[in-house]
Amino acid sequence: MSIQLFGLPVSRGVAIGRAVLVASSRVDVAHYFIEPANAAAEIGRLCRARDLVAAELSRLKAELPHDAPAELPALLDVHLMLLHDPMLEDATRQWIVERHYNAEWAVSAQTEVLVRQFDEMEDEYLRDRKADVEQVAERLLAALVSGHQGLLPVTTAVSGGDPLVLVATDIAPADMLQFKRSVFSGFVTDVGGRTSHTAIVARSLDIPAVVGAREASRLVCQDDWLIIDGDQGVVVVNPSPIVLEEYRFRQQQSDLERDRLKRLRYKPAVTLDGQPIELLANIELPRDAEAALEAGAVGVGLFRSEFLFMNRNGELPDEDEQYQAYRSVVEAMKGLPVTIRTIDIGADKPLDRASGPESRHDAVLNPALGLRAIRWSLAEPDMFLKQLRAILRAAACGKVRILIPMLAQRSEIHAVREALATARQQLDAQGVAHGPVELGAMIEVPAAAISLSMLMPHFDFFSIGTNDLIQYTLAIDRADEQVAALYDGWHPAVLSLISSVIRQCNDAGKSVSVCGEMAGDPACTELLLAMGLRAFSMQPAQLPAVKQRLLRADTSRLDDLLQSLEGEDDPARAWPVLLRTRAVAA
Ligand code: PEP
Ligand code: MG
């Protein structure tokens with residue numbers, strides 16, 4: 001049966017493929033593809049885990065006290081039986097051999113299939129056996145995880161040839177990184193907001209994605225055919241042939257449009273009235289620099305360095321490793337400026353799924369208001385100094401700017417400047433080469449926007465983080481799909497903060513950019529130009545569409561338009577009408 005699910009469109013385009021369900025499990029397991037040649041070895045892992053569980057169940061049974069309830073040994077026998085049942089054992093091997101899933105993923109995929117079959121059973125007794133299957137699977141997963149040496153890299157190996165789309169309750173940003181080199185042509189998650197970090201990484205992959213689709217992972221089955229419409233936020237499960245045909249047509253149109261936009265790459269970013277605009281790239285990993293250059297970016301406006309610290313099982317990169325990473329970006333950008341933001345972990349960006357200092361976040365009621373970004377760096381001075389030294393060393397190889405996230409307090413400003421001076425002294429004392437850097441502050445907390453004059457003398461440049469600025473101005477969790485409709489960059493309070501920061505920076509002759517998602521949204525291009533913004537930083541994939549927009553804009557006719565927006569009930573709706581009526585944009 002075909003059904004439609006609705007969520008938030010977060011990454012444009014249409015993806016059509018078979019569903020790969022990443023089941024949520026109480027045991028935290030890795031999902032990755034193995035090389036086909038390694039299938040036998042993976043089955044070997046599975047067998048060893050099964051033998052471990054079998055031995056554990058037998059031991060439990062042998063050690064049961066005499067007065068244990070009579071059902072217990074019987075239950076353990078049932079679990080032992082299930083463990084060797086072809087329904088679980090053979091089918092799990094099949095996922096490994098035919099789909100090249102790693103053993104943990106194969107177990108959770110097959111458990112999901114079985115759980116659904118049990119759910120549909122009429123007989124109540126049999127239906128209740130579902131819990132036994134789940135328990136056996138949990139034991140198997142725990143045995144696999146305990147015998148496993150960390151995440152293996154995702155490979156592009158996959159069988160069958162059908163395109164695959166990923167369906168999950170949620171995907172941590174750290175996991176999204178694993179998927180960066182993977183085969184998925186689209187994503188759907190149950191939770192998440194438009195500017196959650198998972199959505200941002202999905203956009204950086206430039207593949208269609210819908211988040212906040214609530215029931216998706218419950219309603220979609222492994223191998224279902226799915227259409228993911230990343231423009232409208234619609235997911236069609238098992239579409240009829242006619243719907244499929246319509247979407248295939250739209251997919252072709254969207255691919256053609258992408259190719260057309262790519263041709264703008266070498267065109268200088270200059271408005272109709274001759275204003276040069278800086279289009280910069282947001283990147284998460286050093287290798288993203290390639291996509292930045294490919295898209296025609298004139299520098300990196302935001303390198304989210306925290307992604308270097310993720311998926312490391314608690315072992316953070318040391319100064320040398322960081323230096324090599326920063327240097328590789330600086331060199332890859334061939335003389336163009338690279339803005340490295342110091343680590344911004346916390347809130348919806350933990351380092352790993354279940355380890356490190358951020359594991360406390362589950363227990364903290366408001367992680368977004370807690371120890372994140374610069375607050376965390378200042379609380380971990382050794383780590384912070386290590387990062388600053390690594391950046392300063394990379395600055396000896398090219399143009400580097402340091403960007404500090406989430407500043408809001410006078411004390412933080414001074415602490416940051418002191419730390420930077422200390423890092424320099426330490427390098428000098430060791431005789432290690434380092435280069436000059438510009439120091440910048442992110443404006444993403446309303447307090448910083450309102451008291452910008454406090455920050456102004458201490459920083460060379462500013463970058464407006466609209467993702468957090470919206471969240472903190474409106475008190476709307478950016479990652480919570482339940483309040484996503486209220487997360488609104490066009491709210492007058494947000495617009496007034498953004499425009500005031502841009503104006504003050506322009507008046508003071510300080511460079512200012514926007515590096516939040518609003519910069520990459522073509523619907524906001526003229527608005528930000530009208531506010532006086534001349535530097536935009538975004539995911540490389542968004543750059544061509546924004547460039548197309550500004551090439552058709554005339555800033556001299558935009559200024560007074562902004563005043564007309566004041567007092568509008570719904571600025572997001574009013575703005576395109578104003579633009580059309582004044583014919584300032586195509
Ligand atoms: C922002 O808040 O707008 C921003 C760019 O930072 P991040 O999305 O990484 O929090
Ligand atoms: Mg931010």
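Where is the place of Val-14? I looked it up: Val-14 sits in strand E3 (residues 14–22). My helices (H or I, at least four residues) and strands (E, at least two) are DSSP runs, numbered from the N terminus.

Ground rules first. This is a predicted model, where local features need pLDDT of at least 70 and side-chain atom pairs count only at pLDDT 80 or more, while totals for chains, interfaces and linings use all residues. Residues are numbered from 1 along each chain as its sequence is written, ligands are numbered from 1 in the order in which they are written, and side-chain values use heavy atoms, with hydrogens and water left out.

Back to Val-14. I count Val-14 as buried because its relative accessibility is 8%; buried means under 20% relative accessible area (1.4 Å probe, protein chains only). Beyond its neighbours within four places in sequence, I found Val-14 in contact (heavy atoms within 4.5 Å) with residues including Ile-227, Tyr-247 and Arg-250.

I traced eight strands in an open, mixed sheet, ordered E1-E8-E7-E3-E4-E5-E6-E2. Two strands pair if DSSP finds at least two bridges between them; E3 and strand E7 (residues 225–229) pair antiparallel over five bridges. Ala-15 has Ile-228 as its bridge partner in E7.

Last, the metal. I see Glu-444 (OE) and Asp-468 (OD) coordinating the magnesium ion (ligand 2) at 2.0 to 2.1 Å. Donors are N, O and S atoms within 2.8 Å of the metal (3.2 Å for Na, K and Ca), and sites may look incomplete because water is not among the atoms. Glu-444 is buried at 2%, and Asp-468 is buried at 2%.

Key. Buried < 20%, exposed > 50% of the residue type's maximum accessible area, 1.4 Å probe, protein only.
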